[in-house]
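Please read the points alongside the model.

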Amino acid sequence: MKKTRFTESQRWTYYYPHAKRGTEAMDAIGILPNFDGILCHDHWKPYYTYDCTHALCNAHHLRELERAWEQDHQAWAKQMKRLLEEINSAVDKSGTHLSPADAKRYRKKYKTLLRKAELECPPPDETKHVGKRGRIKRSKARNLLERLMDYEDDVLRFMENEIVPFTNNLGENDIRMTKVQQKISGCFRSMDGAYVFCRIRGYLSTCRKNGVNPSEALRLLFAGEIPDFIDECAE
């Protein structure tokens with residue numbers, strides 16, 4: 001099967017109801033199994049089961065680093081938060097992405113800070129776990145540090161690739177009102193109702209992204225007409 005590359009994902013919203021979470025639901029939706037672009041997400045493990053390029057949302061990292069500094073008093077976390085914000089600011093000023101020289105310089109700073117963090121936030125003593133099953137529990141700060149080390153390329157991909165955002169806030173914003181509806185109503189009375197809700201919400205969200213206000217979008221819908229941007233994309 002030829003994989004699909006979405007080069008204009010910021011123009012589209014697609015919702016789909018499913019009784020499960022994780023790969024079972026995402027496989028049923030049918031987008032990620034055929035996706036070979038760059039997937040920006042919050043490091044939820046099921047996303048990494050898909051064979052595409054990954055980028056991690058740094059808005060999540062900034063919040064976690066703030067928590068590590070304020071609650072765990074991890075000095076490295078405060079410094080890393082500042083560094084990521086500095087890199088993001090440099091990318092914004094560049095207009096697209098950093099030059100190879102600047103990217104190399106920031107990556108060196110990133111690695112140096114991680115080495116200092118290893119001293120301040122070391123891994124648990126493995127000798128105390130001999131003969132026991134499973135992985136020794138890490139602190140939240142240590143888990144964050146290990147993620148920043150193990151997924152360095154995914155964390156910093158935004159600074160070298162102009163189509164990679166610093167955060168996945170667009171996706172977070174798209175799903176927020178749907179989650180609010182779910183929280184208030186608790187559930188849908190039927191799966192058919194959920195499908196209808198998702199189709200309407202997805203249509204209105206996509207229209208908004210393409211400059212069509214909700215009133216006009218609904219007028220076109222009831223008139224049996226298609227917004228111009230859909231015809232343009234089809235061409």
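1. Helix α8 makes the greatest contribution to the lining of the second largest pocket, namely seven residues. Helices here are DSSP runs of H or I with at least four residues, numbered from the N terminus. Both α8 (191–209) and α10 (228–234) supply at least two lining residues each.

2. The model is predicted: local features need pLDDT of at least 70 and side-chain atom pairs pLDDT 80 or more, whereas totals for chains, interfaces and linings use all residues. Residues are numbered from 1 along each chain as its sequence is written, and side-chain values use heavy atoms, without hydrogens and water.

3. The second largest pocket holds about 390 Å³ of space. Of its 19 lining residues, C198, R199, I200, G202 and Y203 are the closest to the centre. (On a 1 Å grid over the protein atoms alone, a pocket is an open set of points where a 1.4 Å probe fits, with protein on both sides within 12 Å along at least five of seven lines; lining residues have an atom within 4 Å of a point.)

4. By class, this lining comprises 14 nonpolar, three polar and two charged residues. Gly counts as polar, and Tyr and Cys as nonpolar.

5. Helices α8 and α9 (residues 214–222) pack at about 125°, with axes 9 Å apart. The contact (heavy atoms within 4.5 Å) involves Y203, L204 and C207 of α8 with P214, A217, L218, L220 and L221 of α9. These residues divide into eight nonpolar, no polar and no charged.

Notes: Grid points are joined across faces, edges and corners, and a volume is the space filled by probe spheres set on the points. Axes are lines fitted to C-alpha atoms, for helices over the stretch in contact, and angles run from 0 to 180 degrees between N-to-C directions.
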